[in-house]
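The sequence and structure come next.

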Amino acid sequence: MRVWAGKSYPLGVRYDGAGVNVSVFSEAAEAIELCLFDDEGGEQRVTLPEETGNCMHGYFPDLEPGQRYGFRAHGPWAPHQGLRCNGNKLLLDPYARAIHGSVDWDEAVFPYHFADPEGEPNNLDSGPYMPRAVITQPHFDWGGDRRLNIPDNELVIYETHVKGLTIQHPGIESELRGTYAGLSHPACIEHFKKLGVNAVELMPVHQFVHDAHLVERGLRNYWGYNSIGFFAPHNEYAADKRPGAQVAEFKNMVKALHQAGIEVILDVVYNHTAEGNHLGPVLSFRGLDNAAYYRLIADDPRYYMDYTGTGNSLNMRHPHVLQLIMDSLRYWIEEMHVDGFRFDLASTLARELHDVDRLSAFFDIIHQDPVIRQVKLIAEPWDVGEGGYQVGNFPPGWAEWNGKYRDTVRDYWRGEDQTLGEFATRFTGSSDLYESSSRRPYASVNFITAHDGFTLHDLVSYNEKHNEANGEDNQDGESHNRSWNCGVEGPTGDPEVLALRARQKRNFLTTLFLSQGIPMLLGGDEIGRTQNGNNNTYCQDNETSWYHWNNIDEELLAFTSQLIAFRTAHPVFRRRRWFQGRPIHGKGLQDIAWFTPKGKPMAEKHWNEGFAKVIGVYLNGQQLPGTDLFRQRMTDPTFLLLLNAYWEGIEFTLPAKRWAKRWQLILDTAAASFIEEDSEPIAARTPIALVGRSMQLLQRLD
């Protein structure tokens, strides 16, 4: 095997059309071997000949795409000093573009003997039990594809799972179900278009590992929040099983979605890796340079800081770890053409020493990077460490999953007291969280449900979680769900309960899509997907989590599609600037107003009535500030939204003529669809009957 000096940059194993440059960072290793594997599993080892700036490198003119490989790092084994090199352990390339195979949980992949974790190192060869990295071909015909750059205030996000979405879809060929190719299949894209979403947020697609403790129980890591390859599309989601073929299949998926006008946002997990705590396996980072890649306990570096609840936290204070993450993000943007990222447990990334720091190095380099700062950046603004709940505290340029929106809207519609004032704040974009930091309403990613928790169907069907199938005695998952079963726990044939549940679903969805901010719909909620009360299906790679396309709630799907189309058609529900609560341009009616059930403007005392659950919201479409992207002043009809979270029906008197002389009812969540356009006009000051736990939307006529 010919090997030349090569270069220290770029990191990883990169084919340049003539040969392959190899470069690996490690401050700890004394030597690193490139290990090459043939089809029979035979291994050839070549020591990288050069070192520059803690990067060992070499150039291999005879290597080509498709070659499977790994590394072995030779150096000190001193866990008490945080050093865990062992040349008997095959290591994945942190920069691998593709990974073939999976971890076989033999004792050899662990750094210690099961019988004595604190004893001598385990020197069994892990090679036979490890997946291999694959050298990939960088060329791909994108055919002019580029990022769509949909304005943030126009986004409608659909959070989904690559496998679960299509694994049971009857309109997709069986060999394509559950794959990247299945997600971009015409039948799947047709559903997205019919629904009206313009962005899919994919749960983790970085190569991940099925945890040993789950495999032992016959389960799998379905959600995928257990990354080991930050550049590699997860190989199990590829219909084409040839080594490395998942890269082109992923690119074809992005290309097809872009052609349909749909952006691709990735849920990325840079806060920890699949190597776990001190009892975890040696798969990659730990064996290359444990102390550089991970946050270790300062006075006992045998152990790991854990802000994620998974055993370890990546060391965001180290420049090469930051470089790894930035290189990964740029790769997915420039080479894979994705449109943005949702950062799992993003507070962990901002921890410099211990506290979450808004001005941490991570944010600094994101904001100065000319590539990354142009895409959509969404934070899950919490972790499990002290002070980790940071909703509203991320810097300008970031949107956030708004957990306060979720909690408040759930509480309001289940009839909790003392929620009306906060509900109004959340409905109008959560200015208390974002306005002071110069962010706009679309900094708030609003959601009622997400992958972590109940589906919408289960939110209105269960008071308690039912996670027994996870094998953890129902101790896992959130116990305070702010859910309400409408009177019966779980499935029922009671028509009154079923009607109330259907109305509550429509209430939640209508609230979501008429609120200011970015709406995010949990995939499957539009078709009535249930997880049978399991609110933590991270390990349920089966029909518990998969979408049930043969049992669709067609009525709910049609209603959701109508709602999204309505939002898309009316800019008053997706404003780019904050409400002022006063006349704009110095004249006319104010941009927003709030009314009591008697049709009178809300006074301070009304907000403070803890039992109040009924309100009217006036949204002035003629008072939209600013212009559209073509510098045309935006106008829209004026709407009045009436909400009744009380369990009994109530009469709501329409406001006086100065607000509108006549109104037309266009939506009532007590009905299963939008009202016909030719419904009778309703005069000002007319009492309207609002069914218990329902909403009505009226449009101003004159």
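A charge sits over a ring if NZ of Lys or CZ of Arg is within 6 Å of the ring centre and within 35 degrees of the ring normal. Arg 658 lies over the face of Trp 659, at 4.6 Å.

This is a predicted model: local features need pLDDT of at least 70, side-chain atom pairs count only at pLDDT 80 or more, and totals for chains, interfaces and linings use all residues. Residues are numbered from 1 along each chain as its sequence is written, and side-chain values use heavy atoms, with hydrogens and water left out.

Now the ring pairs. Rings of Phe, Tyr and Trp (its six-membered ring) pair if their centres lie within 6.5 Å; planes under 30 degrees apart are stacked, over 60 edge-to-face, the rest tilted. That rule gives 48 aromatic pairs. One of them joins Tyr 294 and Tyr 304, edge-to-face, with 5.6 Å between centres and 80 degrees between planes. Both tyrosines lie in the loop between helix 6 (285–293) and helix 7 (319–334), so the pair ties together parts 10 residues apart in sequence. Helices (H or I, at least four residues) and strands (E, at least two) are DSSP runs, numbered from the N terminus.

Phe 343 is in strand 19 (residues 340–343) and Phe 362 in helix 9 (residues 361–368), 19 residues apart. Both are buried. They also belong to a cluster linked by ring pairs, whose members include Phe 25, Tyr 270 and Trp 398.

Terms used
Buried < 20%, exposed > 50% of the residue type's maximum accessible area, 1.4 Å probe, protein only.
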